[in-house]
Amino acid sequence: MGSCSGNSSGSPQIQNSGSEEDLMDQRKRKRMQSNRESARRSRIRKQKHLDELIVKLAQIHKDNSQTLTSINITTQNYMNFEAENSVLRAQIMKLNQRLLSLNEIITNAGGGAATTSNWAEESFMSSPWNLMYFSQHPIMASVDAFNY
């Protein structure tokens with residue numbers, strides 16, 4: 001019987017070690033499952049973050065495109081204004097030359113009446129209403145106008 005009892009006492013130890021191994025296997029499987037789930041959640045977070053970055057990138061590209069369009073329009077407007085200013089500056093120079101020529105003609109043709117003509121010219125040019133008239137109409141000079 002001693003041998004039987006030895007066998008029977010060895011059996012519970014084997015069963016205990018078997019149940020401990022089963023418990024260890026179960027814990028290991030549980031940990032592996034938990035790790036898999038954690039990795040899955042991590043991949044989902046990573047994918048969500050990547051999707052957000054893609055949306056931000058698309059918005060930045062859209063904003064960049066709008067900014068470039070705005071810059072191009074502003075540059076075109078600037079170029080148009082510069083061209084118009086050049087034309088206006090050329091017109092101012094031409095009108096100044098005409099005015100100098102007309103003043104020279106008046107001085108040469110007027111002789112002694114230059115002081116009266118200067119007073120009339122000064123009073124006429126000092127009125128803002130008369131200046132508006134000249135700013136809207138070009139000064140035209142003709143040689144035929146001063147023939148006596």
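**Exercise 1. Work out how many helices and strands the chain has, and in what pattern they follow.**

Step 1. Count the elements in this predicted model. There are three helices and zero strands.
Step 2. Read along the sequence. The pattern is α-α-α.
Step 3. Helix 1 covers residues 2–110.

**Exercise 2. Locate the salt bridge and describe its two partners.**

Step 1. Count first. The structure holds one salt bridge.
Step 2. Name the pair. The side chains of Arg40 and Glu37 meet, with 2.3 Å from N to O.
Step 3. Check the cut-off. A salt bridge needs the nitrogen within 4 Å of a carboxyl oxygen.
Step 4. Look at the spacing. Arg40 and Glu37 are three residues apart in helix 1, so about one helical turn separates them.
Step 5. Arg40 has a relative accessible area of 38%, so Arg40 is partly exposed. Glu37 is at 27%, so Glu37 is partly exposed too.

**Exercise 3. Identify the residues in the patch of negative charge, then decide whether Glu20 is buried or exposed.**

Step 1. List the members. Glu20, Glu21, Asp22 and Asp25 gather in this patch on the surface.
Step 2. Glu20 lies in helix 1.
Step 3. Compare with the cut-off. Exposed means over 50% relative accessible area. Glu20 reaches 52%, so Glu20 counts as exposed.

Terms used
Residues numbered from 1 in each chain as written. Predicted model: local features only at pLDDT ≥ 70, side-chain atom pairs only at ≥ 80, totals over all residues. Heavy atoms only, no water. Patch = residues over 30% accessible without salt bridge, like charges linked within 9 Å, V, L, I, M, F, W, Y side chains within 5 Å. Areas by Shrake-Rupley, 256 points an atom, 1.4 Å probe, with all protein chains shown as cover. Lys, Arg positive; Asp, Glu negative; His and termini not counted. Charge placed at Lys NZ, Arg CZ, Asp CG, Glu CD. Helix = DSSP H or I, 4+ residues; strand = E, 2+ residues; numbered from the N terminus. Buried < 20%, exposed > 50% of the residue type's maximum accessible area, 1.4 Å probe, protein only.
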